[in-house]
Amino acid sequence: MELMDKLTILTDAAKYDAACTSSGLDRAGRPGTMGSTMAAGCCHSFSADGRCISLLKVLLTNRCIYDCQYCVNRRSNDVRRTAFTPRELCELTIGFYRRNYIEGLFLSSAVWGSPDKTTELMIETLRLLREEYAFGGYIHAKAIPGAAPLLTHRLGLLADRLSVNIELPSEQSLGLLAPDKAKTSILTPMAQIRDGIAASKGELALSRKAPKFAPAGQSTQMIVGATPETDFQILRLTEGLYKKYQLKRVFFSAYMPVSNSKLLPAPQGFKPPLLREHRLYQADWLLRFYHFEASELLDEAHPNFNPLVDPKCSWALAHPEFFPVEVNTADYEVLLRVPGVGVTSARRILSARRWGALTFAGLKKLGVVLKRAQYFLTCSGKTAEGLRVKEDGILRHLVALERPMLSREAPEQLSLFEETG
Amino acid sequence: MGNYDMTGWPQVAYTYDGTFDGFLTCVYESYVHRERAAAFSAPGQAQISLYPGRPVETHPEHARRVRQSLPRRLSPRGARLVTYGFLTALPDREQSLYDFLALGFRRGPSVLHDLTDQRVFVLDRAVKHLTGEAHLLKGFIRFSDQSGVLVAEIEPKNRVLPLLRTHFCARYPSEAFVIYDRTHREALFYRPGEWAIVPLENFRAAGPDKSERDWRALWRRFYHTVSIEGRYNPRCRMTHMPKRYWGCMTEFQTEDTERPALPQRPE
């Protein structure tokens with residue numbers, strides 16, 4: 001088969017994976033090598049669906065022994081199958097990298113033969129790339145659940161980031177849709193990688209030359225909207241993953257109808273829950289950078305996000321006692337809770353107010369989004385000029401701000417599982 | 001340079017050679033002669049000014065003295081704001097820098113925190129635009145292999161080459177490459193161990209050979225395949241990757257699109 005055909009098939013098979021970041025690690029190139037990484041990550045392009053293209057995201061092979069219902073590569077699906085040779089994949093990576101098309105390689109694979117055999121092939125590819133091609137760019141590798149721990153360890157010594165997909169947000173769903181994968185077989189490598197990273201950090205503290213194990217950390221992803229879990233369940237799981245497994249990122253992937261299985265939503269007329277995925281990402285940021293807890297954003301009585309306003313506005317509207325916040329005296333953590341104030345603008349407020357009392361005009365210069373923030377702030381005790389709204393009016397205004405985004409998709413899809421959930 | 005209070009200093013319009021050292025010499029002259037810069041003009045940007053004009057000849061030693069005073073008087077961050085500020089696409093770039101310096105020399109490093117002051121804000125915003133554009137271009141630049149040398153062309157609004165230099169030299173330490181800035185007609189040249197940024201009036205990359213065309217075809221195939229049809233969202237793509245970058249990117253060119261020749265620079 002031609003390289004062009006292989007690339008097409010194995011890209012098509014890999015595209016549903018959400019993660020494509022190249023962040024978490026600064027490494028300069030050394031003479032005689034090719035490639036560097038930057039902690040902030042780097043997007044090299046954006047595809048027509050608006051997602052960032054940072055890495056060459058392909059499968060080593062789409063030949064699979066498993067039959068997971070939600071997956072396009074399942075054994076029973078009638079698609080063309082192929083596999084890259086390790087050398088083909090290295091040539092592609094280097095050829096793309098030299099032309100600055102990509103920041104590195106995202107290597108994943110269907111399970112071909114056995115988890116061990118698949119992992120060995122991945123190791124061979126990455127070893128060739130790192131040693132023979134002296135590649136110093138970013139490598140994100142998928143750990144294959146069920147592979148021998150020693151193999152996963154070797155994979156982590158070659159890759160910058162490892163990830164194990166948790167696939168679905170609950171054990172029941174996993175048992176139903178991915179009978180070949182048990183929850184423990186996913187969590188075991190996750191724990192192993194966490195411990196490997198911690199051990200490697202400890203060794204690096206003693207010797208600069210100690211081998212680095214997944215220095216850019218670990219991530220995971222789950223499919224949203226294929227199964228009946230609520231946003232609250234998903235967010236609590238996410239929070240648990242950050243806390244227990246020290247993950248760098250949890251990615252959400254709106255389910256795309258790739259199967260006629262009775263266990264999944266019927267593909268006819270199904271719209272992927274993109275807005276729901278968006279709200280989950282917004283909440284994920286609140287967990288990671290804004291000192292929020294999952295239980296503050298949702299609870300058993302309100303298990304799903306309001307599609308009309310973002311989770312931070314939603315929280316603010318439910319907590320009128322917290323507002324208004326006085327810009328000139330509030331703490332950093334308090335400022336972070338104000339809709340329209342972000343991590344950067346909160347820091348800039350702290351810095352700028354040392355020079356004198358801030359006004360609304362000044363806040364605008366600091367990057368505060370006054371359209372949102374004006375309802376929740378005072379400057380030296382004064383509210384924004386001309387602002388006369390009652391509390392129920394605020395919701396209307398905030399919803400109006402989101403209208404351009406909401407108009408693109410009907411929010412009905414969000415209630416898909418409300419009856420069953 | 002004892003007294004930094006400019007009230008009462010006469011206003012003048014400086015004409016200089018357009019270089020950073022030239023600008024720093026103007027700053028030096030301003031304080032030595034106790035006069036306030038009210039307008040700047042460099043070659044190619046003829047300006048009519050109400051103020052008495054004064055041509056300033058670039059003096060490397062005077063420029064060096066001002067440059068070395070920046071980290072001390074404004075903090076290293078402030079010095080960076082000034083050097084980067086000179087690379088921005090800010091209209092009235094020199095005047096904005098001069099006004100910021102005048103404020104900074106009077107108030108010291110803490111001036112950087114005063115982000116609501118118009119003079120600080122304008123410069124800070126322009127530098128953010130510059131660093132933002134440089135960051136995007138670190139990803140969006142596309143090289144072609146021309147007999148072993150990597151060649152790229154860009155059309156940035158700001159003069160980003162000095163910011164791209166460190167990144168690409170660290171990324172391709174063993175390669176030889178050229179990045180040509182079509183907007184400002186400058187080129188960054190690198191080969192292992194040395195680099196240079198030089199003005200270059202005209203530059204035209206040779207057409208791709210067979211192997212290069214094959215690589216481009218592979219990339220375009222990957223680019224179109226990796227997109228998920230059911231998530232088609234052109235607006236989101238445009239937000240992250242504004243259209244003005246597309247012209248220089250492989251994925252938006254078809255096999256035989258040739259880059260148009262540079263227009264003649266207006267005299």
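This tour moves through a predicted model with chains A and B, one selection at a time.

**Stop 1: chain B as a whole**

Select chain B. Its secondary structure comes to seven helices and eight strands. The C-alpha atoms fill a box of roughly 65 × 40 × 40 Å along the principal axes. Colour by burial, and 31% of the 267 residues in chain B show up as buried. Now think about contacts in chain B with a separation of 6 or more. Residues 24 or more positions apart account for 67% of them.

**Stop 2: helix α4 of chain B**

Select residues 118–140 of chain B. This is helix α4(B), with 23 residues. From first C-alpha to last, α4(B) reaches 32 Å, close to the 33 Å expected at 1.5 Å a residue.

Which residues of α4(B) are buried? They are V120(B), L123(B), A126(B), V127(B), L130(B), E133(B), A134(B), L137(B), K138(B), G139(B) and F140(B). Note that E133(B) and K138(B) are on that list.

**Stop 3**

β4(B) and β5(B) pair in the antiparallel sense over three bridges. Pick D145(B), and you will find L150(B) of β5(B) opposite. The hairpin of β4(B) and β5(B) has two residues between the strands. Click on S147(B) in this hairpin: its phi is positive, near 45 degrees.

β5(B) and β6(B) pair in the parallel sense, over six bridges.

**Stop 4: the nonpolar core**

Select L126(A), A141(A) and I179(B). Of the 168 residues in the largest nonpolar core, these three touch the most other members. Which element gives the most to this core? It is α4(B), the helix from Stop 2, with eight residues.

Zoom in on A141(A). Leaving out residues up to four places away in sequence, A141(A) touches L107(A), M122(A), L126(A), L155(A), A159(A) and L162(A).

**Stop 5: helix α3 of chain A**

Helix α3(A) has 18 residues, which should span 26 Å at 1.5 Å a residue. Its end C-alpha atoms are 25 Å apart, which agrees.

The buried residues here are P115(A), T118(A), T119(A), L121(A), M122(A), I123(A), T125(A), L126(A) and L129(A). They pack against α2, β4, β5 (138–142) and α4 (149–158) of chain A. Following α3(A) comes A134(A), with a positive phi near 50 degrees.

**Stop 6: strand β3 of chain A**

Select residues 55–59 of chain A. Why is strand β3(A) called largely enclosed by the rest of the structure? Because five of its five residues are buried. In a regular strand the side chains alternate between the two faces of the sheet. In β3(A), L55(A), K57(A) and L59(A) lie on one side, with L56(A) and V58(A) on the other, and both faces are covered.

L55(A) stands opposite G104(A).

**Stop 7: where chain A meets chain B**

Show both chains. 46 residues of chain A are in contact with 39 residues of chain B. On the chain A side, the elements giving two or more residues are α1 (3–12), β1 (45–46), β2 (52–53), α2 (86–98), α12 (343–352) and α13 (360–365). The largest share, five residues, comes from α1(A). By type, this side of chain A divides into 21 nonpolar, 15 polar and ten charged residues.

**Stop 8: the domains of chain A**

Colour chain A by domain: domain 1 is 3–263 and domain 2 is 311–406. Their C-alpha centres lie 39 Å apart.

Finish at N260(A), in the loop between β8 (249–254) and α8 (274–289) of chain A. Is N260(A) buried or exposed? It counts as exposed, because it has 10 C-beta neighbours inside 10 Å. Last, draw a line from N260(A) to A384(A). These residues are 124 apart along the chain, and their C-alpha atoms are separated by 54 Å.

Methods. Residues are numbered from 1 along each chain as its sequence is written. Chains are lettered from A and ligands numbered from 1 in the order in which they are written. This is a predicted model: local features need pLDDT of at least 70, side-chain atom pairs count only at pLDDT 80 or more; totals for chains, interfaces and linings use all residues. Helices (H or I, at least four residues) and strands (E, at least two) are DSSP runs, numbered from the N terminus. The expected span of a helix is 1.5 Å times one less than its number of residues. A residue is buried if 20 or more other C-beta atoms lie within 10 Å of its own, exposed if 12 or fewer, and partly exposed in between; C-beta atoms are placed from the backbone. Two residues are in contact if their C-beta atoms, placed from the backbone, lie within 7 Å. Ala, Val, Leu, Ile, Met, Phe, Trp, Tyr, Cys and Pro count as nonpolar, Asp, Glu, Lys and Arg as charged, and the others, Gly among them, as polar. Domain bounds come from an automatic or database domain assignment. A nonpolar core is a set of buried Ala, Val, Leu, Ile, Met, Phe, Trp, Tyr and Cys residues joined through C-beta atoms within 7 Å. Two strands pair if DSSP finds at least two bridges between them.
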